[in-house]
Amino acid sequence: MKAIAVRPGEPQSAHLRDIDAPRVDSIDQGRGVLVKVLKVGVDATDREINDALYGDAPPGDDYLVLGHECFGRVVEVGPSVRRVKPGDYVTATVRRPGGSIYDLIGTNDMTSEEVYYERGINLLHGFLTEYFVDDEEFIVRVPEQMKHLHVLMEPMSCAAKAVQQAYDAQQRMRVWRPQRAFVMGAGQIGLLTTLALKLRGLEVFTVARSEPPTLNAQIVAGLEAHYVSTRRTPMEQLVDDVGRADLIVDATGSSEIAFKSMEWLGHNGALVWTSITGGAEETTIRSDSVNLQWVLGNKLLLGSVNANRGHFESGIRDLALGEMMYPGVAEKILTNPVDGLENHAEMMRLLVEEKSALKVFVNVAEDD
Ligand code: BGC
Ligand code: ZN
């Protein structure tokens with residue numbers, strides 16, 4: 001069967017190749033779920049893997065099948081599978097367990113080991129192929145009524161985790177009732193985080209450079225949040241106008257903004273970093289002032305990566321509630337379809353060149 005793969009270490013090596021079809025009984029104890037892939041989303045991580053900045057092949061292979069944001073339909077299940085059945089729509093988690101205590105309790109996203117295993121990213125083949133098989137532990141059901149949001153499940157799980165982690169960590173405050181959030185960046189993670197925070201009742205300011213009218217500004221407005229263009233309103237101005245934020249989630253992909261965000265957080269607040277920055281940027285920050293403010297304000301910084309099954313499930317609940325509150329808004333993120341695995345060059349071109357693309361995804365197969 002066909003797959004889109006790269007040769008890790010070799011820049012711009014994305015190519016179509018033929019790989020063996022998976023079998024449901026390749027997973028132990030009858031726990032296998034065989035999934036027909038319908039759609040796969042791609043993001044900056046895939047671009048960086050194709051730039052050879054990131055990602056390794058599985059041991060024994062010299063290629064890595066790409067794709068970590070999947071949506072498909074179950075075709076066959078092993079005899080002990082209970083969670084899903086043939087015909088169900090599903091997505092899959094990305095990270096697989098290593099050996100730390102966190103991996104043993106189903107929180108692979110929190111592994112304490114340096115090496116991590118992620119399908120389509122590091123040491124495990126991904127989903128940009130026709131079929132895949134996995135243990136039912138890693139397969140998450142998607143309600144049929146949400147199939148129009150297909151590849152958003154994985155990015156939503158990362159947004160759900162980032163928000164959940166902030167709330168969990170802020171239990172240090174005993175009482176934490178955040179009112180105002182800044183979401184830095186209006187790409188897919190920024191927009192989905194905006195949704196998650198609106199559903200928790202916060203006033204959300206979603207910050208990006210470009211001036212409206214743009215699609216992301218329209219989506220932010222559709223979520224009843226405030227879109228802030230820093231070309232029109234620099235951050236200092238925003239802070240003067242509305243005050244510092246109780247919660248800031250950075251999803252810009254810019255480490256400079258991740259650090260600068262430290263200046264815009266209020267007392268007792270939390271700043272969450274979610275971007276993977278594979279480059280080598282250096283930046284200057286007002287470290288004395290930030291240091292002073294952070295100590296005097298008991299502020300918290302945390303990094304958040306990946307997501308476990310629980311975050312997929314809560315992300316799916318948020319997307320479902322989002323459809324009730326803000327009907328038709330989330331699907332506007334699904335901007336750039338590419339038809340067929342053969343069109344991998346177009347997929348990569350859109351990822352690299354199409355700055356306005358919020359979500360590039362491949363239509364792998366028809367749903368029948
Ligand atoms: C993925 C995460 C993953 C991270 C680091 C992101 O693009 O969505 O699931 O953990 O990259 O590899
Ligand atoms: Zn991703």
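1. β10 gives the second largest pocket the largest share of its lining, four residues. This is a predicted model, where local features need pLDDT of at least 70, side-chain atom pairs count only at pLDDT 80 or more, and totals for chains, interfaces and linings use all residues. Residues are numbered from 1 along each chain as its sequence is written, ligands are numbered from 1 in the order written, and side-chain values use heavy atoms, leaving out hydrogens and water.

2. That pocket holds about 340 Å³ of space. Of its 20 lining residues, R119, H125, F132, V133 and D134 are the closest to the centre. (Lining residues have an atom within 4 Å of a point on a 1 Å grid.) Both β9 (123–124) and β10 (131–135) put in at least two residues each. By class, the lining has 11 nonpolar, four polar and five charged residues.

3. Now for the ligand. Around ligand 1 you'll find D43, T45, Y54, H68, E118, I121, E154, C158, I276, V305 and N306; here, being near means having a heavy atom within 4 Å. That shell has five nonpolar, three polar and three charged residues.

4. Which side chains put a polar atom by an oxygen atom of ligand 1? For Y54 the distance is 3.0 Å, for H68 it is 3.2 Å, and for E118 it is 2.5 Å. Taken alone, ligand 1 exposes 310 Å², and the protein buries 93% of that (Shrake-Rupley areas, 1.4 Å probe).

Technical notes: A polar contact is a pair of N or O atoms within 3.5 Å; within protein, one must be able to donate a hydrogen and the other to accept it, and residues adjacent in sequence count only if both atoms are side-chain atoms. Ala, Val, Leu, Ile, Met, Phe, Trp, Tyr, Cys and Pro count as nonpolar, Asp, Glu, Lys and Arg as charged, and the others, Gly among them, as polar. On a 1 Å grid over the protein atoms alone, a cavity is a set of points where a 1.4 Å probe fits but cannot get out, and a pocket is an open set with protein on both sides within 12 Å along at least five of seven lines; lining residues have an atom within 4 Å of a point. Grid points are joined across faces, edges and corners, and a volume is the space filled by probe spheres set on the points.
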